[in-house]
Amino acid sequence: MLSLDRLVVTELAGQVNNVPLQPEIILGFHDLCLVRAEGDDDWHMGQLDAEGSVICWASYGSDLGEAIQGL
């Protein structure tokens, strides 16, 4: 588990601005992360950047086991 004291955003295709997420849980797997945001049952896949922020690019559904297999 990673600290929640970091910026977490979702990149949206075709948009300049990223959408901030309020993380409830961040699981780190080397430089990849799974994030569950407050009020959202889905696990979002992302990557740690050089500053420690997480940039998410896809939702992997609500099943943690399936999300981990998608790594």
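Reader: Where is H30 found?
Author: H30 is found in the loop between β3 and β4. Strands here are DSSP runs of E with at least two residues, and helices are runs of H or I with at least four, numbered from the N terminus. This is a predicted model, in which local features need pLDDT of at least 70 and side-chain atom pairs count only at pLDDT 80 or more, while totals for chains, interfaces and linings use all residues. Residues are numbered from 1 along each chain as its sequence is written, and side-chain values use heavy atoms, with hydrogens and water left out.

Reader: Is H30 buried or exposed?
Author: H30 is exposed, with a relative accessible area of 81%. Exposed means over 50% relative accessible area, buried means under 20%, and partly exposed lies in between, using a 1.4 Å probe and protein chains only.

Reader: And what is its phi, for H30?
Author: The phi of H30 is near 65°, which is a positive value in a residue other than glycine. H30 sits in the turn of the hairpin that β3 and β4 form, with 2 residues between the strands.

Reader: How many bridges join β3 to β4?
Author: There are 6 bridges, and the two strands run antiparallel. Two strands count as paired if DSSP finds at least two bridges between them. One of the pairs is L27 with its bridge partner L34 in β4.

Reader: Which strand pairs with β5 besides that, and in what sense?
Author: β5 also pairs with β6 (residues 54-59), in the antiparallel sense and over 5 bridges. Here too there is a hairpin with 5 residues between the strands, and G52 in its turn has a positive phi of about 95°. Across this pairing, Q47 stands opposite I55, M45 stands opposite A58, and L48 has V54 as its bridge partner.

Reader: What is the order of the strands in the sheet?
Author: The 6 strands form an open sheet in the order β2-β1-β6-β5-β4-β3, with mixed pairing. The edge strands are β2 (19-20) and β3 (23-29), each of which pairs on one side only.

Reader: Which strands pair in the parallel sense?
Author: β1 (residues 8-10) and β6 pair in the parallel sense, over 3 bridges. In that pairing, the bridge partner of T10 is C56 in β6.

Reader: Changing topic to cysteines: how many disulfides does the structure hold?
Author: The structure holds 0 disulfides. A disulfide is counted when a pair of cysteine sulfur atoms lies within 2.5 Å.

Reader: What surrounds C33?
Author: C33 lies in strand β4 and stands opposite G46 in β5. Not counting residues up to four places away in sequence, C33 touches L2, I26, L27, G28, H44, M45, G46, L48 and V54. Contact means heavy atoms within 4.5 Å.

Reader: Which residues make up the largest nonpolar core?
Author: The largest nonpolar core has 8 residues: V8, L21, I26, C33, V35, A37, V54 and C56. Such a core is a set of buried Ala, Val, Leu, Ile, Met, Phe, Trp, Tyr and Cys residues joined through side-chain atoms within 4.5 Å.

Reader: Which element gives the most to this core?
Author: β4 gives the most, with 3 residues. The elements giving two or more residues to the core are β4 and β6.

Reader: What is A37 in contact with?
Author: Leaving aside neighbours within four places in sequence, A37 is in contact with L21, Q22, P23 and E24. Apart from this core lies another, of 6 residues, among them I25, W43, M45 and A67.
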